[in-house]
Amino acid sequence: MIILLINFSSCKKRKKIEVNDFSIELNDTIYLGSNTGKILNYKTDNDKIDYLLSVIIENEYQDGIIEKDTFSDGTLSPWFGIYATKKGKMTIKGIILEEALNDMNYDIDSVLRIERKFLYFSKDVFVVDSIFKK
């Protein structure tokens, strides 16, 4: 028997995204092209369960193609990539997916419970060609 639990929650836009469960390291000003951010201080519900953390980012590439890119490195502080195609204000939208396998033993049966928790975030940034003026 497999039980699948899905929990949804979200955080509001803030200059520095920080809630009880995690914080995000991401500059307010980013460059055209590839940029990176990182999840920091992620807290889980149970220390005895193994968790996998993934970050899903909606990236817009050249020619207006939008793709959902998934980043994970097997830790609770994965990095993620952001791609900027034009200068000016940009809203970054992402999802943190927490997955946990919980082995529950009962008298007769053993149950593997897969828990998924989705945390939605967004952040406004400003995109520039270069930080340095010539």
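**Charged pairs, up close**

Let's start with Asp-124, which is partly exposed at a relative accessible area of 31%; here buried means under 20%, exposed over 50% and partly exposed anything in between, with a 1.4 Å probe and protein chains only. Keep in mind that this is a predicted model, where local features need pLDDT of at least 70 and side-chain atom pairs count only at pLDDT 80 or more, while totals for chains, interfaces and linings use all residues. Residues are numbered from 1 along each chain as its sequence is written, and side-chain values use heavy atoms, leaving out hydrogens and water.

Asp-124 has a partner: its side chain meets that of Lys-89 in a salt bridge, 3.9 Å from N to O. The pair links distant parts of the chain, with Lys-89 in strand β8 and Asp-124 in strand β9, 35 residues apart. A salt bridge here is a side-chain nitrogen of Lys or Arg within 4 Å of a carboxyl oxygen of Asp or Glu. Strands (E, at least two residues) and helices (H or I, at least four) are DSSP runs, numbered from the N terminus. Lys-89 is exposed, at 64% relative accessible area.

The salt-bridge count comes to 4. Another of them joins Glu-99 and Arg-116, with the closest N and O atoms 2.8 Å apart. Glu-99 sits in strand β8 and Arg-116 in strand β9, so this pair ties together parts 17 residues apart in sequence. Glu-99 is buried at 19%, whereas Arg-116 is partly exposed at 30%.

Then there's Lys-87 with Asp-129, whose closest N and O atoms are 3.6 Å apart in a salt bridge. Lys-87 belongs to the loop between β7 and β8 (88–105), and Asp-129 to the segment after β9 (110–128), so the pair connects parts 42 residues apart in sequence. Both Lys-87 and Asp-129 are exposed.

Ile-30 counts as buried because its relative accessibility is 3%. Beyond its neighbours within four places in sequence, Ile-30 is in contact (heavy atoms within 4.5 Å) with residues including Ile-82, Met-90, Phe-126 and Val-128. Ala-84 is also on that contact list; the C-alpha atoms of Ile-30 and Ala-84, 54 residues apart along the chain, are separated by 8.0 Å.

Now zoom out to the strands. The protein chain has 0 helices and 9 strands. Three of the strands form an open antiparallel sheet in the order β2-β4-β7, where pairing requires at least two DSSP bridges between two strands. β2 (23–25) and β7 (79–84) stand at the edges with a single partner strand each, so one side of each lacks a neighbour in the sheet. Within that sheet, 6 bridges join β4 (residues 33–40) to β7, and Gly-37 stands opposite Phe-80 in β7.

Finally, the whole chain: 37% of its 134 residues are buried. Among contacts between residues at least 6 apart in sequence, 62% join residues at least 24 apart.
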